[in-house]
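Me: I would like to learn how to read a model like this one. Please show me the structure and take me through it feature by feature.

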Amino acid sequence: MQSSFVIPPPPTVTVSVVGEAGLFPVRRVYCVGRNYADHAREMGHDPDRETPFFFQKAADTVTSDGRFPYPPGTKDVHHEIELVVALARGGRDIPVEQALDCVYGYAVGLDMTRRDLQAVAKKAGRPWEVAKSFDGSAPISPIVPAAKIGHPAKGAIWIDVNGERRQTGDLAQMIWKVAETISFLSGLFELAPGDLLFTGTPAGVTAVERGDRLHAHIDGVGELTVEVTG
């Protein structure tokens, strides 16, 4: 018997893949917090004392149209450039030495954050979703397969706003490397094909304004250009 729905089901969220006609379907979006030491310090934390922690964005926050509509309810939206890992396989309790076998590819992503709302949530001991998981908060570049570029562990990561360098760092500065992060996360959730993992951001996060042009780059992975619209 064919299934039916009482309302139309939402469309599958997808990301394009470099050199492929097929699309990557997005299941879940995980984000690891404060995974670069300098960024942890600029946010007032000691990176040497923290195990990785995670939050999620809804899958439909992922966008690839080059536009970031300035969100409501905030006056302080920050950019956070991140290496994004796309999984082709998953599982539970994945050993570190097998974690990279789960990776389909990599992309450049932005974890856009309503910083003022995050500060209020932190002060009140409340969840961060309202600050992190809002419409259009996860712009992403096309995914490049690991089969073509390998698994980048070092290389420049930076973002310019209106031609001015704001964030800059190196993938080698990640506190928890990609394989370690996948392994740790799989001890908390059963990972699956279609999952995206945002791996943290270097120091230099700052506010964006309507009309700004963001240009992000990660060596060997790609580039992402986003316009902040009103």
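**Reading the model**

Reply: Start with one residue. Setting aside residues up to four places away in sequence, Trp-158 touches Ile-81, Arg-165, Gln-167, Thr-168, His-215, Ala-216 and His-217. Contact here means heavy atoms within 4.5 Å.

Me: What kind of model is this, and how are residues numbered?

Reply: This is a predicted model, where local features need pLDDT of at least 70, side-chain atom pairs count only at pLDDT 80 or more, and totals for chains, interfaces and linings use all residues. Residues are numbered from 1 along each chain as its sequence is written, and side-chain values use heavy atoms, with hydrogens and water left out.

Me: Where does Trp-158 lie? Is Trp-158 buried or exposed?

Reply: First, the terms. Helices (H or I, at least four residues) and strands (E, at least two) are DSSP runs, numbered from the N terminus. Buried means under 20% relative accessible area, exposed over 50%, and partly exposed in between, with a 1.4 Å probe and protein chains only. Now the case. Trp-158 sits in strand S13 (residues 156–161). Its relative accessibility is 15%, so Trp-158 counts as buried.

Me: Which residues does Ile-157 contact?

Reply: Ile-157 also lies in strand S13. Leaving aside neighbours within four places in sequence, its contacts include Tyr-36, Leu-83, Asp-170, Pro-202 and Ile-218. Ile-157 has 0% relative accessibility and therefore counts as buried. For contrast, take Thr-74. Ile-157 and Thr-74 are 83 residues apart in sequence and 27 Å apart in space, C-alpha to C-alpha.

Me: Now the whole chain. How many helices and strands are there?

Reply: The protein chain has six helices and 18 strands. Contacts give another view. Among those between residues at least 6 apart in sequence, 76% join residues at least 24 apart.

Me: What does the radius of gyration say about the fold?

Reply: The radius is taken over C-alpha atoms, and the globule rule is 2.2 Å times the number of residues to the power 0.38. For 230 residues, a compact globule would have a radius near 17 Å; the protein chain has 17 Å, which agrees. Its C-alpha atoms fill a box of roughly 50 × 45 × 40 Å along the principal axes. Buried residues make up 50% of the 230.

Me: How many salt bridges are there?

Reply: A salt bridge is a side-chain nitrogen of Lys or Arg within 4 Å of a carboxyl oxygen of Asp or Glu. By this rule the count is nine. One of them joins Asp-195 to Arg-27, with the closest N and O atoms 2.9 Å apart. This pair links distant parts of the chain, 168 residues apart: Asp-195 is in the loop between helix H6 (178–186) and strand S15 (196–198), and Arg-27 is in the loop between strand S2 (23–25) and strand S3 (29–32). Asp-195 has 0% relative accessibility, so this residue counts as buried. Arg-27, at 34%, counts as partly exposed.

Me: Which residues form a network of salt bridges?

Reply: Lys-57, Glu-80, Asp-111, Arg-115 and Lys-132 are linked in one. Within it, the side chains of Glu-80 and Lys-132 meet at 3.5 Å, N to O. Again distant parts of the chain are linked: Glu-80 is in the loop between strand S7 (77–78) and strand S8 (81–87), while Lys-132 is in helix H4 (residues 129–132), 52 residues away. Both Glu-80 and Lys-132 are buried.

Me: Which backbone angles deserve a look?

Reply: Look for positive phi in residues other than glycine. Arg-34 has phi near 45°, and Asp-93 has phi near 50°. Arg-34 lies in the loop between S3 and helix H1 (37–42). Asp-93 lies in the loop between S8 and helix H2 (96–99). Arg-34 counts as buried at 15% relative accessibility, whereas Asp-93 counts as exposed at 57%.

Me: Why is H6 called largely enclosed?

Reply: Seven of its nine residues are buried, so H6 is largely enclosed by the rest of the structure. Those buried residues include Val-178, Ile-182 and Leu-185. Their cover includes S3, strand S4 (54–57), S8, H2, strand S9 (103–110) and S15.
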